[in-house]
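Colleague: Hi! I'm new to this one. Could you walk me through it?

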Amino acid sequence: MTPLETALLAGAGLTGGAVNAMAGGATFFTFPAMLAVGLPAVVANASNTVALWPASCAAALTDRKALWAERGKAAPFVAIGLVGGLAGALLLLVTSNEAFRVAIPFLLLLATATFAGSGPLLRWLRARRPAAGGPPRPRHPAILGLIGFCAIYGGYFGAGIGIMMMAGLTLAGVAPLHLANATKNLLAATINGVAVLVFVASGMVAWPATFVMLAGAVAGGFLGARIARHIPAPVLRAVVVTIGSLLTAWYFWRL
């Protein structure tokens with residue numbers, strides 16, 4: 001890698017890690033940087049997943065006490081996450097670089113739309129989830145199907161997976177909010193962890209680029225946690241949605 005490429009990857013990791021700690025959306029910054037340094041599309045996606053996985057693990061470990069206390073509720077979702085993450089990762093391995101390049105703008109469009117509509121969507125879903133004190137419905141076929149789709153998508157690409165998972169957990173009646181968020185973090189770490197194992201075992205990871213971005217993302221995570229209180233969340237989310245929209249338009253134009 002050239003010094004400029006190293007700087008680009010480190011800067012994207014730093015920005016993505018900080019943004020993820022404050023509002024989510026790291027992939028909008030990190031994945032295009034992997035492509036910009038010349039990695040094939042599938043390798044760029046796999047390497048991006050590996051670079052961002054430690055951040056998912058850190059978030060899950062932060063909530064370990066809440067998760068252990070409610071482990072019975074999380075168990076079926078974790079099982080689906082393992083199977084779906086594996087399926088998504090294997091699906092990526094059999095996708096050609098050309099086919100994935102064509103899919104990129106559509107995947108970014110899905111992630112951007114999900115991110116942009118997350119606030120109203122989650123408020124609407126919370127108003128319709130099982131009543132407080134009522135029985136949760138984690139094993140409802142539709143809920144399991146939604147979580148399964150999110151897990152496959154997460155193993156395949158993953159941008160916006162946190163919001164998708166929150167929607168599924170809200171419909172499943174996982175409450176209070178901090179428990180749903182903790183379960184979402186655990187699922188993200190599980191899905192990405194399975195995908196990481198598949199990508200590493202298949203030799204799909206560009207390690208020099210991955211290590212540079214990983215270091216930047218870890219530093220960015222600490223930075224984002226410190227400055228989050230100084231930046232209004234709506235402003236930050238608007239920036240992420242704008243970046244996602246511009247990237248989506250750019251990759252559609254390049255098709």
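Modeller: Happy to! Let's begin with T27, which sits in helix 2 (residues 27–36); helices here are DSSP runs of H or I, at least four residues, numbered from the N terminus. This is a predicted model, where local features need pLDDT of at least 70, side-chain atom pairs count only at pLDDT 80 or more, and totals for chains, interfaces and linings use all residues. Residues are numbered from 1 along each chain as its sequence is written, and side-chain values use heavy atoms, with hydrogens and water left out.

Colleague: Is T27 buried or exposed?

Modeller: T27 is buried, because its relative accessibility is 10%. Buried means under 20% relative accessible area, exposed over 50%, and partly exposed in between, with a 1.4 Å probe and protein chains only.

Colleague: And what does T27 touch?

Modeller: Leaving aside residues up to four places away in sequence, T27 touches P32, N48, L52, F157 and A159. Contact means heavy atoms within 4.5 Å.

Colleague: Switching topic: how many disulfides are there?

Modeller: The count is zero, taking a disulfide as a pair of cysteine sulfur atoms within 2.5 Å. For C57, the nearest cysteine sulfur is that of C150, 19 Å away.

Colleague: Which residues touch the most other members of the largest nonpolar core?

Modeller: Of its 64 residues, those are L9, F77, F100, I104, F157, M165 and F199. Helix 10 (residues 177–201) gives the largest share, eight residues. Such a core is a set of buried Ala, Val, Leu, Ile, Met, Phe, Trp, Tyr and Cys residues joined through side-chain atoms within 4.5 Å.

How values were computed. Helix = DSSP H or I, 4+ residues; strand = E, 2+ residues; numbered from the N terminus.
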